[in-house]
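Thanks for coming, everyone. Let me put the structure on the screen, and then we'll walk through it.

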Amino acid sequence: MKFFIDTADVNEIRDLAATGLVDGVTTNPSLVAKTGKDFIATVREIAKIVPGPVSAEVTATDHATMLKEGHKLAKIAKNIAVKVPLTPDGLKTCKALSGDGIMVNVTLCFSAAQAILAAKAGAAFISPFVGRLDDIAADGMGLIREIVAIYKAYPGIRTEVLVASVRGPLHVVEAAKMGAHVATLPPSVLRQMFAHPLTDKGLAAFLADWKKTGQSILGAEDGAAKAAE
Ligand code: G3P
């Protein structure tokens, strides 16, 4: 399963990319607004930090302007995925950009029917929003299960299921069990995934016992090699 980071915060991206576990980045207009920084410059910087797909979203709602914006965003770097909303104009734009060899991430997907349309329009990624469905007492993960099953039934579909609006590690685990291709994680969720109290407790015990031996791995001489001399 690939992990994208769902943020436009360059410092967070740089920090988490250093773990070697980040395969891409997703941004949206709200995340960009949160940074208060210039959109194009931010996307350019992110695309240099992470070699994998970096989603940058169009903000027009009509096809002609979306297409112009999409081409402009795609020119920023080779790893840009143009993000378009799941509307008739968005999917028309998806088809055109995909036809030009540009990666497209279709966002704001809330139903399997919409996901079928995005695949038909040649999307590289479909982004179903699980957290926002859960928020209205709908079954976010159920939607992922449905889309994965539908896409699997058609081996010709290349569209990857990108689980978005992730609220915690459990969403990631459930999505992985279903075989979703990608999860885009808020930085806090990726950090939460590392954590387990038994890991901390176990490590503390190992280190305490190690200290009692008085040994140091880097400072040690090889006992066996010394005995053979
Ligand atoms: O980038 C799209 C998505 O991940 C947004 O998540 O938390 O605003 O519902 P959220």
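**The ligand and its surroundings**

A polar side-chain atom of asparagine 28 lies 3.0 Å from an oxygen atom of the ligand. That is a polar contact, meaning a pair of N or O atoms within 3.5 Å; within protein, one must be able to donate a hydrogen and the other to accept it, and residues adjacent in sequence count only if both atoms are side-chain atoms.

A word on the source before I go on. This is a predicted model, where local features need pLDDT of at least 70, side-chain atom pairs count only at pLDDT 80 or more, and totals for chains, interfaces and linings use all residues. Residues are numbered from 1 along each chain as its sequence is written, and side-chain values use heavy atoms, with hydrogens and water left out.

Aspartate 6 has a polar side-chain atom 2.5 Å from a ligand oxygen. For serine 165, a side-chain N or O atom is 2.7 Å from an oxygen atom of the ligand. How much of the ligand's accessible area does the protein cover? The answer is 82% of the 310 Å² that the ligand has on its own. Those areas come from the Shrake-Rupley method with a 1.4 Å probe; for residues, only the protein chains shown count as cover.

Around the ligand are Asp6, Asn28, Lys83, Phe129, Arg132, Ala164, Ser165 and Arg167. By class, the shell has two nonpolar, two polar and four charged residues. Here Ala, Val, Leu, Ile, Met, Phe, Trp, Tyr, Cys and Pro count as nonpolar, Asp, Glu, Lys and Arg as charged, and the others, Gly among them, as polar.

Most residues other than glycine have a negative phi. Serine 165 has a positive phi of about 55 degrees, and it is not a glycine. This serine sits in the loop between strand S7 (160–163) and helix H9 (169–178). Helices (H or I, at least four residues) and strands (E, at least two) are DSSP runs, numbered from the N terminus.

Is serine 165 buried or exposed? It counts as buried, because its relative accessibility is 9%. The cut-offs: buried is under 20% relative accessible area, exposed is over 50%, and partly exposed is in between (1.4 Å probe, protein chains only).

Alanine 137 also has a positive phi, about 65 degrees, and is not a glycine. Its loop runs between helix H7 (130–135) and helix H8 (140–152). Alanine 137 is exposed, because its relative accessible area is 76%.

**A few more stops**

In helix H8 we find methionine 141. It is buried, at a relative accessible area of 10%.

Next, strand S3 (residues 54–57), which holds serine 55. At 1% relative accessibility, serine 55 is buried. Its side chain makes a polar contact with the side chain of asparagine 105, at 3.1 Å.

Strand S6 (residues 125–128) includes phenylalanine 125. This phenylalanine is buried, at 4%. From phenylalanine 125 to histidine 181 is 56 residues in sequence and 9.3 Å in space, C-alpha to C-alpha.

Last stop: threonine 213, in helix H11 (residues 197–213). Threonine 213 is partly exposed, since its relative accessible area is 39%. A polar atom of its side chain lies 2.6 Å from the backbone oxygen of tryptophan 210.

Note on methods: A residue is near a molecule or strand if one of its heavy atoms lies within 4 Å of it.
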